[in-house]
Amino acid sequence: MTDSAADALLPVNFIRARIDEDCAAHTYGQKVATRFPPEPNGFLHFGHAKSIFLNFGIAADYRAACPESYCNLRLDDTNPTKEETEFVDAIRADVAWLGFDTAGREFYASDYFERLYHCAERLIEAGFAYVDSQDADALRATRGTLTEPGTDSPFRSRSVAENLDLFRRMRAGEFPDGAHILRAKIDMSAGNINLRDPAIYRIRHAHHHRTGDAWCLYPMYDYAHCVSDALEGISHSLCTLEFADHRPLYDWFLDRLADLGEFTRPLPQQIEFSRLNLTYVVLSKRKLIQLVSEGYVDGWDDPRLPTLQGARRRGYTPAGFKLFTDRIGISKSDSLIDFSVLEDCMREVLNETAERRVAVLDPIKLVLTNFPADQREPCFAPNHPHHSELGKREIALTRELWIERDDFMAEPVKGFFRLTPGKEVRLRYGFIIQCTGFTADANGRVIEVQATYDPDTKSGTPGSESRKVKGNIHWLSVADAVPAEIRLYDRLFAVPAPGARREGDAPERDRDFLADINPESRHIQTGMVEPALAQCAPETRCQFERLGYFVADARDHQTGKPVFNRTVSLRDSWQKTGG
RNA sequence: UGGGCCGUCGCCAAGCUGGUUAAGGCACUGGGUUUUGAUCCCAGCAUACCUAGGUUCGAAUCCUAGCGGCCCAGCCA
C-alpha cells in the first residue's frame with residue numbers, strides 16, 4: 001500500500017484503475033498505449049489540456065511498469081473541408097508547450113487512408129457494408145427518431161459484387177459529392193441510433209491538407225478512429241462521454257476486422273470520461289471561432305480566450321495546468337469547475353517560481369518633504385521572499401516617489417491601514433513615513449501626497465524591526481521609474497454560464513452567449529515599473545509586489561517599451577471583505 | 001415501453017467484489033508567523049453518501065421502485 005512516496009502522488013481515477021489491471025496482467029504486452037487525437041480545425045483550449053495531461057501523463061507514468069508505453073499525437077484529419085495545416089502547427093506547439101515531446105510519435109489519420117480503404121473492401125466482401133444511393137434527405141427520413149426505429153434502405157440488399165464495383169468507382173471519382181455513401185449493415189431498428197447503418201465513407205471532391213487531390217472519398221470518424229487506434233497499437237482509447245454511444249460501433253468494426261484477419265486481439269478499448277466544464281468561459285469550438293472571427297477578441301491568442309495560446313500569452317504556466325488537471329481529477333460525472341480553481345492553481349505555481357518586482361499601476365506622486373532633493377538612498381529588495389538564493393537588487397529611494405493611488409485615502413474608511421493624513425506607514429524596503437498632507441486638483445482628485453520620513457527606521461538596519469507599523473506600501477522613484485503599458489484582464493464573460501437560460505427567460509431557449517460578454521474584460525493603462533522590467537525578455541513572468549502576477553507580452557513587449565499583461569491578481573482578503 | 005451515462009460536504013473526488021472513525025484536494029472558518037491585507041504554519045469543517053422501500057448481524061457499497069441531471073436523430077469530430 002505504501003510502496004513509495006511517489007506512488008502516493010500519482011493520480012487515482014477509474015481509468016488508471018482499469019489500466020492497472022491490464023498493465024499488471026500484461027494484457028497488451030509490455031505497453032500501455034494512448035493517443036491524443038485532436039481534429040486540426042481549430043486551436044486547442046483548456047479542455048484539451050485535460051485530455052493531454054491524461055493521455056500523455058498515463059503513458060509516461062506507466063513506463064515504469066510497462067516500459068514500451070507511449071502516447072501518440074494523432075491529427076484526426078478525415079474531413080478535408082475543415083482542416084488546415086495552420087492548426088496542425090499550433091496544436092503541435094501547444095502540446096510541446098505543455099511539456100510533451102511528440103517527436104517520432106506524430107501521426108495522421110490521413111496516413112491510413114489506403115489501409116482504411118482496404119479494410120472497407122473487406123467489410124463489403126464479408127457482407128458487412130453496402131453502398132447506399134439515397135440522398136441525405138432520404139437518409140434522414142429513414143433513420144427514424146429517438147423513439148421510433150428506422151427503415152431499411154432500398155439499396156441495403158445490393159450484391160457484394162455490385163457494392164464492390166460501386167465503391168471502387170466512388171474512389172475512382174466517377175460520382176459527384178453525395179451520390180453514394182458506404183454504410184455499415186447493422187440494424188435500422190437499434191435503440192442506439194449510431195447503429196442504424198451508419199455512414200462509413202462519403203464522397204468529397206475536395207483538396208486535403210496532406211493528401212492533396214489523391215482522394216475524393218473520405219472515411220467517417222466512427223470508422224477511421226477505431227481503425228487508426230488499432231493500426232497504432234493503442235491499448236486504451238480515452239475520449240469524452242458523448243462518445244459512449246459510439247463504443248458499440250467502435251467494437252463492431254474492430255471485431256469484424258479482427259475476424260477477417262486484419263487485426264489481432266486484444267483490440268484497443270474505448271473508455272470515456274467527462275469533459276471539462278468551466279465557469280465564465282466557453283469551450284465550444286464553434287463559439288471560440290465566432291469570438292475570433294467576429295472580432296470580440298484580438299485573435300486566437302487573445303489573453304482572455306480559454307485557448308492554450310491565449311493562456312500562454314496571459315502568463316498561465318504549463319505547471320499550473322498540470323496542477324489544475326490533477327486537482328480536478330477524472331471521472332464520469334458532469335462537473336462544473338469554478339474558474340477560480342484554475343486561477344488559484346496559477347497563483348500557486350507562480351508564487352513559487354515568479355521573482356518579485358515593483359510596479360505602480362495607477363501612480364500618484366509622494367513627496368518626502370524632509371528628504372534632500374539630491375539624495376539617493378540605496379534600498380535592497382529580495383527577488384523572492386522564500387528563496388534568498390535568488391538574490392536581491394538595489395532600488396534607490398529619492399525625494400519624489402510614485403505610489404499607488406489606492407494606497408492613499410484622504411478620508412479613510414474603516415479598516416484601511418495604508419497611507420492617510422497623520423498616519424504612519426512603511427515604504428517597503430525603505431523607511432517609515434508619516435503623511436503630513438496632500439493636494440488635490442479643482443475636481444477634488446488627489447494629485448500629490450506629502451510625508452516626512454524617519455531616517456532611523458530604514459529596513460534592514462538595527463532597530464528598524466522594533467518599530468511596528470501595519471501598513472506597508474510599495475513605491476518607485478520618479479527619477480528611475482519607466483512608463484509601461486499595463487493590460488489588466490478580467491473574465492471575458494460576466495456570468496458563470498455564458499449563453500445559458502436564466503431565471504425569467506423564456507423556457508427551452510438559450511440566450512445568445514455574446515450578450516453575456518463582459519464589457520470590462522480588458523483595461524489598458526500606463527503604469528510605472530522599475531528599470532529592470534524595461535529590459536526583460538518577452539514572456540518573462542514576475543510578481544508585481546502586492547498586485548499580482550504579470551508577464552511581458554509575447555508580441556508587443558520590447559526593450560525600453562515594456563508591455564505587461566496581468567496573469568492573475570494576488571488574493572486580496574481586504575477587497576474580499578468589502579473593505 | 002428508444003438508447004447510453006451520471007447523482008458522496010459550497011466545488012472537485014476516493015471508496016462501490018458489503019464490516020473504514022466516509023480518504024484527499026480546493027473553498028471556507030478560527031489561530032500563529034510575516035516589511036506583500038500575499039505566502040507559509042496549525043486547527044476545524046458530511047452520524048452522512050438523490051429519495052423510498054427491501055436483503056443482511058451489518059449497506060454509500062447488493063436488490064426493487066422512483067426522482068433529478070447530461071448526451072444521441074451530421075454524407076462533423
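Predicted model: local features only at pLDDT ≥ 70, side-chain atom pairs only at ≥ 80, totals over all residues.
Chain A is split into three domains. Domain 1 spans residues 5-273, and domain 3 covers 361-474. Domain 2 is made of two segments, 285-355 and 484-577. The centres of domain 1 and domain 2, computed over C-alpha atoms, lie 34 Å apart. To the contact between these two domains, domain 1 gives 22 residues and domain 2 gives 26 residues.

About 2,300 Å² is buried between domain 1 and domain 2, and carbon and sulfur atoms account for 74% of this area. On the domain 1 side, 36% of the area buried against domain 2 comes from Phe 43, Phe 46 and Trp 97, more than from any other three residues.

Polar pairing across this interface was also counted. There is 1 salt bridge between domain 1 and domain 2, together with 4 residue pairs in polar contact, both residues being at pLDDT 80 or more. Glu 272 and Lys 332 form a salt bridge in which the closest N and O atoms are 4.0 Å apart. The cut-off for such a pair is 4 Å, so the Glu 272 to Lys 332 distance, given as 4.0 Å, stands at that limit.

Four elements each supply two or more residues to the side of domain 1 that touches domain 2: helix 2 (14-24), helix 3 (46-62), helix 4 (85-97) and strand 9 (269-273). Helix 3 gives the largest share, with 6 residues. Sorted by class, this side of domain 1 holds 15 nonpolar, 3 polar and 4 charged residues.

Over the whole structure, 48 salt bridges are found. One of them joins the side chains of Arg 555 and Asp 301, with an N to O distance of 2.7 Å. The two residues are 254 residues apart in the chain. Arg 555 sits in the loop between strand 24 (548-552) and strand 25 (563-569), whereas Asp 301 sits in the loop between helix 10 (285-293) and helix 11 (308-314).

One has 7 strands in the order 19-16-17-18-12-15-20, with mixed pairing. Its edges are formed by strand 19 (472-473) and strand 20 (475-477); each has a single partner strand, so one side of each lacks a neighbour in the sheet. Within this sheet, strand 17 (residues 432-440) and strand 18 (residues 446-454) run antiparallel and are joined by 8 bridges. Phe 438 has Val 449 in strand 18 as its bridge partner.

The other sheet is likewise open, with 7 strands in the order 10-23-24-25-21-22-11 and mixed pairing. Strand 21 (residues 482-489) runs antiparallel to strand 22 (residues 522-529), and 8 bridges connect the two. The bridge partner of Arg 487 is Ile 524 in strand 22. Strand 22 is also antiparallel to strand 11, to which 2 bridges join it. Met 528 in strand 22 has Val 360 opposite it, and Pro 483 also stands opposite Met 528.

Definitions and conventions. Residues numbered from 1 in each chain as written. Chains lettered and ligands numbered in written order. Heavy atoms only, no water. Domains from an automatic or database assignment. Contact = heavy atoms within 4.5 Å. Buried area = accessible area lost by both parts, 1.4 Å probe. Polar contact = N/O pair within 3.5 Å; in protein donor to acceptor, adjacent residues only side chain to side chain. Nonpolar A, V, L, I, M, F, W, Y, C, P; charged D, E, K, R; others polar. Pairing = 2+ DSSP bridges.
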